[in-house]
Amino acid sequence: MILRAWKAEDMSLFAKMNRDVRVMRYFPSILTAEQTESFYNRIQTEFERNGWGLYAVELKSNGIFIGYVGLHEIGFDANFTPGIEIGWRLAADYHNQGLATEAAKEVLKLAKEKGLQRLYSFTAKQNSPSERVMQKIGMTKAGEFEHPNLSSDSPLRTHVLYQIDL
């Protein structure tokens with residue numbers, strides 16, 4: 001696979017991925033087209049400001065956009081913020097193939113080259129597939145926290161937190 005800058009033609013597949021309940025099952029809801037566009041704009045702003053961000057992931061074999069893996073500024077207050085998260089989201093057809101792990105390992109190398117010293121990753125406690133990626137890339141569990149952007153009655157509110165020093 002290839003980590004690359006985003007292309008305009010990625011947007012339709014990105015929006016489709018963000019509407020897929022299989023992809024978004026550990027998030028509070030699927031994303032509307034407007035929410036996807038807003039997220040895309042935040043991604044582009046981070047690249048412009050920092051020189052890094054959430055990279056588009058493309059399959060080498062056919063050039064198809066399958067999701068993103070990369071770095072993202074944590075956008076809420078917690079005892080570990082401010083900080084940088086390493087994160088991923090791939091289309092459901094590409095889950096459980098080791099692609100997120102492979103791409104995340106490359107992003108860790110890039111983050112070190114960019115001079116970043118510590119990265120975090122977090123997900124809803126139920127999201128064991130994503131937690132396994134965190135473990136496979138060498139992150140250490142730092143604990144659990146209640147995500148401040150989720151309501152107290154949300155079944156997704158409790159998150160696992162991992163970190164890695166580069």
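Modeller: Start with how elements are named: helices (H or I, at least four residues) and strands (E, at least two) are DSSP runs, numbered from the N terminus. Read that way, the chain runs β-α-α-β-β-β-α-β-α-β-β. That comes to 4 helices and 7 strands. The model is predicted: local features need pLDDT of at least 70, side-chain atom pairs count only at pLDDT 80 or more, and totals for chains, interfaces and linings use all residues. Residues are numbered from 1 along each chain as its sequence is written, and side-chain values use heavy atoms, with hydrogens and water left out.

Biologist: Why is I2 called partly exposed?

Modeller: Buried means under 20% relative accessible area, exposed means over 50%, and partly exposed is in between (1.4 Å probe, protein chains only). I2 has 31%, so I2 is partly exposed. I2 is found in strand 1, residues 2-4.

Biologist: What makes Q44 partly exposed?

Modeller: The relative accessible area of Q44 is 21%, so Q44 counts as partly exposed. Q44 sits in helix 2. Its C-alpha atom is 22 Å from that of V23, 21 residues apart along the chain.

Biologist: Why is N96 called exposed?

Modeller: N96 has a relative accessible area of 70%, so N96 is exposed. N96 lies in the loop between strand 4 and helix 3. N96 also has a positive phi of about 60°, although N96 is not a glycine.

Biologist: How much of the chain counts as buried?

Modeller: Of the 166 residues, 48% count as buried.

Biologist: What does I2 contact beyond its sequence neighbours?

Modeller: Contact means heavy atoms within 4.5 Å. Leaving aside neighbours within four places in sequence, I2 is in contact with A56, V57, E58 and K60. Across the chain, among contacts between residues at least 6 apart in sequence, 60% join residues at least 24 apart.

Biologist: What makes a set of residues a nonpolar core?

Modeller: Its members are buried Ala, Val, Leu, Ile, Met, Phe, Trp, Tyr and Cys residues, joined through side-chain atoms within 4.5 Å. The largest such core has 44 residues; W6, F14, L71, I86, W88 and L119 have the most contacts inside it. Helix 3 gives the largest share of this core, 7 residues. Apart from this core lies another, of 7 residues, among them I74, F76, F145 and L161.

Biologist: Which residues does W6 touch?

Modeller: Not counting residues up to four places away in sequence, W6 touches F14, Y40, I43, Q44, F47, L54, Y55, A56, F65 and Y68.

Biologist: What joins T81 and P82?

Modeller: A cis peptide bond, with omega about 0°. P82 lies in the loop between strand 3 and strand 4.
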